[in-house]
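This report covers a helix pair and a pocket. The sequence and structure are shown first.

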Amino acid sequence: MKILLLGANGQVGWELERSLAPLGQLQSCNRHTANLEDLDSIKKIIHNYVPDIIVNAAAYTDVDKAESEENRAYSINYKAVDFLARESKRIDAWFIHYSSDYVFDGKKLDPYVELDEPEPLSIYGKSKFKGEQSVVESGCKYIIFRTSWVYSTRGNNFVKTMIRLGKEKDRLNIVSDQIGAPTSARLIADISSLCLYRLFYDKNLAKNVSGIYHLSSSGKTSWYGLAKYIINESKNLGDTFLVGSESIHPISTSEYQLPAIRPHNSLLKTQKICNTFSIHLPHWKVPLKRTLQEIYL
């Protein structure tokens with residue numbers, strides 16, 4: 001099995017480089033060696049390597065900046081994805097791509113299922129949805145993993161931001177009316193690799209698995225609940241903060257204005273991926289506790 005990984009320097013890509021390596025021959029590319037804004041260079045890599053699987057973990061992920069960099073967001077999240085999907089079709093390779101809960105408007109009361117109609121609110125969400133559509137329309141063999149509230153020990157994410165702010169401030173105001181399931185990049189990478197292994201070596205399974213799958217931890221919380229958990233668990237691991245748990249205060253989305261509109265409900269129902277690939281997705285606290293241990297121990 002020959003695998004081409006794009007976006008190896010990102011949170012998910014970094015973990016994928018580890019989890020994909022045992023599956024076969026892996027060529028790993030970061031933004032410097034494979035820039036999605038330079039499709040000619042990507043085409044050369046694909047033509048020279050001719051992979052069996054293309055895994056695209058590269059994306060434009062700055063949700064707020066996308067509001068003022070619409071062209072760049074669409075270039076990376078849509079046009080490059082469309083190109084990769086068509087190249088995958090041309091060489092008969094599987095195309096694995098990552099999308100987001102931001103394709104939904106967050107107005108649904110229950111967790112979103114794969115068949116729910118996307119209604120993105122932000123430029124970022126719209127660009128990710130266009131990318132999804134291009135993959136489906138390309139006719140390639142594909143899996144799109146929609147994820148939510150991603151964090152890891154590297155890169156910029158909510159977990160690391162809360163640890164930093166907790167040391168700098170004695171009071172934190174955190175949004176409490178947006179809910180989701182925090183999902184570790186490591187979990188996403190491990191589940192992705194397991195799914196790839198099964199679809200590549202189970203020919204009967206591979207005939208029927210092309211599609212969109214929701215991939216996130218189980219359980220739910222708010223950003224406010226997540227912030228309190230992070231600070232409390234970090235204290236249990238020996239860290240010290242200016243802020244106390246009682247000094248973390250809930251606020252509404254309307255009180256915390258940002259350029260991009262966020263969905264209030266980011267919960268993704270994961271029954272499809274669990275049933276199709278016979279996997280179990282843990283409660284969000286389980287991988288988060290391990291991530292915090294990795295940071296401190």
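## Helix pair H3 and H4

The crossing of H3 and H4 is right-handed. This is a predicted model. Helix H3 spans residues 70–91 and helix H4 spans residues 123–138; their axes come within 8 Å and cross at roughly 15°. Because angles under 35 degrees count as roughly parallel, that crossing makes H3 roughly parallel to H4.

## Residues at the helix contact

On the H3 side, the contact is made by Glu70, Ala73, Tyr74, Asn77, Tyr78, Val81, Asp82, Ala85, Arg86 and Lys89. Their partners in H4 are Ile123, Tyr124, Lys126, Ser127, Lys128, Lys130, Gly131, Ser134, Val135 and Ser138. By class, the residues of this contact of H3 with H4 comprise eight nonpolar, five polar and seven charged.

## Second largest pocket

The second largest pocket holds about 200 Å³ of space. It is lined by 15 residues, and those closest to its centre are Glu114, Pro118, Val136, Arg146 and Ile212. The lining divides into six nonpolar, two polar and seven charged residues.

Three elements each supply at least two residues of this lining: H4, strand S5 (141–147) and strand S10 (211–214). H4 gives the most, with five residues.

Terms used
Residues are numbered from 1 along each chain as its sequence is written. This is a predicted model: local features need pLDDT of at least 70, side-chain atom pairs count only at pLDDT 80 or more; totals for chains, interfaces and linings use all residues. Side-chain values use heavy atoms; hydrogens and water are left out. Axes are lines fitted to C-alpha atoms, for helices over the stretch in contact, and angles run from 0 to 180 degrees between N-to-C directions. Helices (H or I, at least four residues) and strands (E, at least two) are DSSP runs, numbered from the N terminus. Angles under 35 degrees count as roughly parallel, over 145 as roughly antiparallel, 65 to 115 as roughly perpendicular and the rest as oblique. A crossing is left-handed if the near helix is turned anticlockwise from the far one by less than a right angle, and right-handed if clockwise. Contact means heavy atoms within 4.5 Å. Ala, Val, Leu, Ile, Met, Phe, Trp, Tyr, Cys and Pro count as nonpolar, Asp, Glu, Lys and Arg as charged, and the others, Gly among them, as polar. On a 1 Å grid over the protein atoms alone, a cavity is a set of points where a 1.4 Å probe fits but cannot get out, and a pocket is an open set with protein on both sides within 12 Å along at least five of seven lines; lining residues have an atom within 4 Å of a point. Grid points are joined across faces, edges and corners, and a volume is the space filled by probe spheres set on the points.
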